[in-house]
Structures are given as structure tokens and as C-alpha cells.
Amino acid sequence: MAKKLVLIVLLASHLFVSGTFLFLTMFAGVLSGSILTIENKCNQTVWPVIFSYDSNLSTTGFVLRSGEARVLQAPSSWYGLISARTLCSTNSSGYFSCATGDCESGFIECPGSYSWSAVTYVYFRMDHGGVSSYTITVEHGYNLPLVVVPSQPSQTCISAGCLVDLNKTCPEDLGFFTGGKQIGCISACRKYNTKEICCTNDFRSKQRCERTMYTKNFEQACPLTYSYAFEDNNSTMTCPKSTDFVLTFCPSSIPNNTRRFISFSRVDHCCCGCGNAVKSRRPLKNSTPILLDPVSVVDLLFRLLEGEERASMEEHHHCCIYSKMLSKCTFPSLLIILSIFLMVRVVYVLYRCGKPFPKGASPSFSTLVVLGSGGHTAEMLSLLSVLRMDRYTPRFYIAAATDTMSLHKARSFEDSLVDKSAVKEASLQYTQIYRSREVGQSYVTSVWTTIVAIVHALWLMIRIRPQVILCNGPGTCIPLCVIAFLFKVLGVRWSSIFYVESVARVKRLSLSGLLLYKLRMADQFFVQWPQLQKNYPRAHYVGCLM
């Protein structure tokens, strides 16, 4: 027991140093961005969609129940659009879809390309040419009222939106329904697609393209939204680059732009004390619960340490959050808190690893399959052949950049599956990854290649974010598994790691297996020889799989 405690302490110390470095490196760029709060005041659940043209946010889609809000960090130069899906559900096959705004991914998240829907959109462009801007558009259609509130209002940066339920005033031929209830309004261009209405070809000018009943309906109710190809109502709001925004679905009112905003320099008016520096006040009633993602938490910590006063949010949403963090806390105390948090997370992850998936978990899991040259790929494909492939989808195959055969074998394996109709091409991806060190490579030059390999592995893990990782010994799996373990500790993503030692290993583990075994990074560790299991008792003997 004492040896186990020593091992856990050593592992926690090691992960704290490496994890803190990775933590700071990953999120150092967030300081120059803006805080974006999305809240739902509708009487129904909505599923926001975030599509990025430039840079990325920490999510592409999530669920937001009535009365909830979520805070996201929008990095500098981020350019994208936000909309909301409604009336979403998952069918018996596990496919997720929505009545309005569906991104057709089959999941709550919306990765990859995105086709336009008949919904209310908000364009955001952060820190472009020294300013940030936003535009609310109904040029494609409408499904929900919304409002955007900037934290630094000015003559060119005001609150804008639409409070009116335009489904009630939508022309009858443009409405779309479900169960006899109108749930949206399609634009006339999207419905009829004529050059006169869409302002195309010979009608591509303000003089020839006249406003339709559809655009007039929207302009009257929402004068600061974009609904017409030659709109001249100044629908784009330009704000200082440091501006934060609150986007509210189904707002009860559009805030007065002279209203008071709470900033870091005025925390003495807040309600939740952090010591004697903060005055007492009755808590605000009916406040919206805020769900902070890891990126936003780190951003707040850094802003506090640097003493920034520029970031401001509405008092009734964020006063208590900021005031708790604005006590007389010093950098060492914050560092101690962060250290304790990481150690607790490490212990929790070690305890949680290997536990079965909770009841009600997704019927399918995004799966990362690590292939390797030699016999590793053949063993892995043999293992996959006995699995229920419908439960491990989408699948991402990864092999070393110098391995020219493994991905070809994986494609041949997928083509040979009996139930080809159950495999969509979009659910299969084949990727190569840089190796840290080639056979015979100098240790001096391998320092640079190792750094490149780690950065590439980090980018792949952020992009793929698998729920399951399958590997059986190639060295390319180590950086992927280490990053997956750190993501667990940091709460970014929980990826279950399943390691199957190669059948060629009879008495001793491979270097990859030894590292994952000793550091306890694998959720389940399998060996194919009984004598190997005796030498490594935490491993599970499953017999020869080949």
C-alpha cells in the first residue's frame, strides 16, 4: 500500500509539472480574445451550433436547457456564426437530428462543413482590424428570437436583436410546421429561388431587386437585422476589440445601452464575498446558472493575475463569479489551488479508469485506432473483426507518416466488412502522424522531431477528441495516450484507452506497453500469454487473439 501511495504521489508531481506546462501553453493565446456568453431564456431546450471560418472555439455544438447559460472563450481573430437548433431527438439507431437548424452530423457536436438552414444567425468577427463586430441575419430564415448585448456599448456598438416571435407574422406560404405548429419561417429566396427574389443575375442591383413581403415583415419587427441583399440599415455593429458579448435566445427585452456594466474595478458592489474586501449584499434571485468551460476558467485566472480591467460582463450574470476570484489572493495561493486541483483530478482519473461506461451512455463511441508497421496492424485488424463495428463509429485510423502500408490495409479491411451499408464514408478517416524518432536516428536531431510529433499529436487529439482509443504497441500511440490522459485530468475529454499487448510479447512488455502499464494510463490492459500476466498482475489475460 505504501509503495502505491508513493507511486501516486510521484505520478501526480510529474503530471503537475508537465500538465501545467501544457495547460499554460495551450491556453496562453486566449488572453487577447473575448468572452462569449450564450444563454437560453426560451421555455424549451435549444442546441446551439457554432461554425468557425477562422480559429475555433472549444465546442461546435452543445445542449442548453431552459434557464441555462454557457461561457466560451472566443480567441483573437475568431470569425464564425452561431445559431440554435430546436426540437432535437435521438432515434433508435443513435442518430441525432433536429426539426430546425439541423447540422446533419448525427451528433450534438457539428464538426466539418455546415449547410445553411432557415434559422436566425449571428455572425461574429473578433479583433479584425482592431475592432470586433457582429451581425444578426434572417436572410435564410427564422426560428427563434434573440438579442446580442455588448459589454462596451457605444454609438456603433449597441444591443440589437429581435424580440418579436416572427413565426406569428410570417407569410403563410413561407412557414414550416411540425405537428400542426409553426416552428419557423423560410426566406422567400430559399423557398422560391428566383433571380428576382434572390437578387441574382440581371437583378443584382439595388435598383432592380425590390424588397419582398418577407423582408418587409422582418424589417418592421427587427430593424437592425440583415434580411435583404442590399440592406442599408447598418445591421453590422462594430465594437472595441476587447468587447465581450452576451447572446440570449428568447429574450424578454433588449437592454438599454446606457445600463451599468460591472467590471473588474467595481467588484465591491458584488454579492458573493471573497474576504473582507467585498461588501455584503443579498444574492440576486432567479439568476442564470453559468457553465464555465476550462478555457474560460483559465482566461479569468490570467486576467486576474495581470490586473486587467477591460473585461466586463452584466452584473446579474457574472458579478459573483468574478468577485470570488478577486479576493486578496496572490499568485502563490492561486498556484497552490491549481496544484491541489490537478492532484485531485489525477487521483480521481486513476480511480475512475477502467470503470464501465455509465448507464445511458451513447450507443456509439468515436474511436481512434492506432496502427503500426510489422505485425501490429494485422493484430489490430484481427481484433476489430470481432467487435460490433456499429458501436465504434466514427472510426479514425492513425499510422506513422513513414508507414505506407497500414492505412491501405485499414481501407481494405473496411471495404471487406459484410454490412457495408452500416458504414458511411464520412464516419471513416485515415490520418498519418509524425514519429518522434526513426530507427537509427541521432538522439540530437530527435529532440526537434519529438517536439514536432508532440505538437502534431496534440492537434490531432484536439480535432478528433475520441471517446475510445485502441492500440497494441507501436510507438506512435504513446504521445496520443499521454495527451488523452492529460485531457482527462484537465476535464477536456474523457477517452478510454484500451491497450492490447502484441502476441509476440511472451514474458516482457514492449516499451510502449511498459510505459502505459507503469504510469497507469490505460483503462484496460490486455496480454495474450499467461506467463506475461503473472509478471504484470494488473493486466488481463485474454488468450491469443490471432
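Let's start with Cys-471, which is buried, at a relative accessible area of 1%. Buried here means under 20% relative accessible area, exposed means over 50%, and partly exposed is in between, with a 1.4 Å probe and protein chains only. What is the closest cysteine sulfur to that of Cys-471? The one in Cys-481, at 4.0 Å, which is too far for a bond. Cys-544 is partly exposed, with a relative accessible area of 43%.

A quick word on what we're looking at. This is a predicted model, where local features need pLDDT of at least 70 and side-chain atom pairs count only at pLDDT 80 or more, while totals for chains, interfaces and linings use all residues. Residues are numbered from 1 along each chain as its sequence is written, and side-chain values use heavy atoms, leaving out hydrogens and water.

Now, the cysteines that do pair up. How many disulfides does the structure hold? Seven, where a disulfide is a pair of cysteine sulfur atoms within 2.5 Å. Let me walk you through some of them.

In the pair of Cys-42 and Cys-250, the sulfur atoms are 1.9 Å apart. The torsion about this S-S bond is about 85°, so the disulfide is right-handed. This pair links distant parts of the chain, 208 residues apart: Cys-42 is in the loop between β1 (34-40) and β2 (46-54), and Cys-250 is in the loop between β14 (245-249) and β15 (262-263). The strands and helices I mention are DSSP runs numbered from the N terminus, with helices being H or I of at least four residues and strands E of at least two. Both Cys-42 and Cys-250 are buried.

Next, Cys-103 and Cys-110 form a disulfide with sulfur atoms 2.0 Å apart. Left-handed or right-handed? The torsion is about -75°, so the link of Cys-103 and Cys-110 is left-handed. Cys-103 and Cys-110 are buried too.

Then there is the disulfide of Cys-170 and Cys-185, again with 2.0 Å between the sulfur atoms. This link is right-handed, with 75° about the S-S bond. Cys-170 counts as buried at 10% relative accessibility, and Cys-185 is buried at 0%.

Let's hop over to Pro-111, in the loop between β5 (96-100) and β6 (121-128). Pro-111 counts as exposed, at 53% relative accessibility. Leaving aside neighbours within four places in sequence, Pro-111 is in contact (heavy atoms within 4.5 Å) with Thr-60 and Ser-105.

Last stop, the aromatics. A search of the whole structure finds 14 aromatic pairs. Rings of Phe, Tyr and Trp (its six-membered ring) pair if their centres lie within 6.5 Å; planes under 30 degrees apart count as stacked, over 60 as edge-to-face and the rest as tilted. One of the pairs is Tyr-348 with Trp-494, edge-to-face, at 6.3 Å centre to centre and 70° between the planes. Tyr-348 lies in helix α7 (residues 331-352) and Trp-494 in the loop between α11 (477-490) and β22 (496-500), so this pair ties together parts that are 146 residues apart in sequence. Tyr-348 is partly exposed at 39%, and Trp-494 is partly exposed at 27%.

Trp-494 also has the charged end of Lys-488 over its ring, 5.0 Å from the centre. For that, NZ of Lys or CZ of Arg must be within 6 Å of the ring centre and within 35 degrees of the ring normal. Finally, Trp-78, Phe-124, Tyr-134 and Phe-245 are linked into a cluster by ring pairs.
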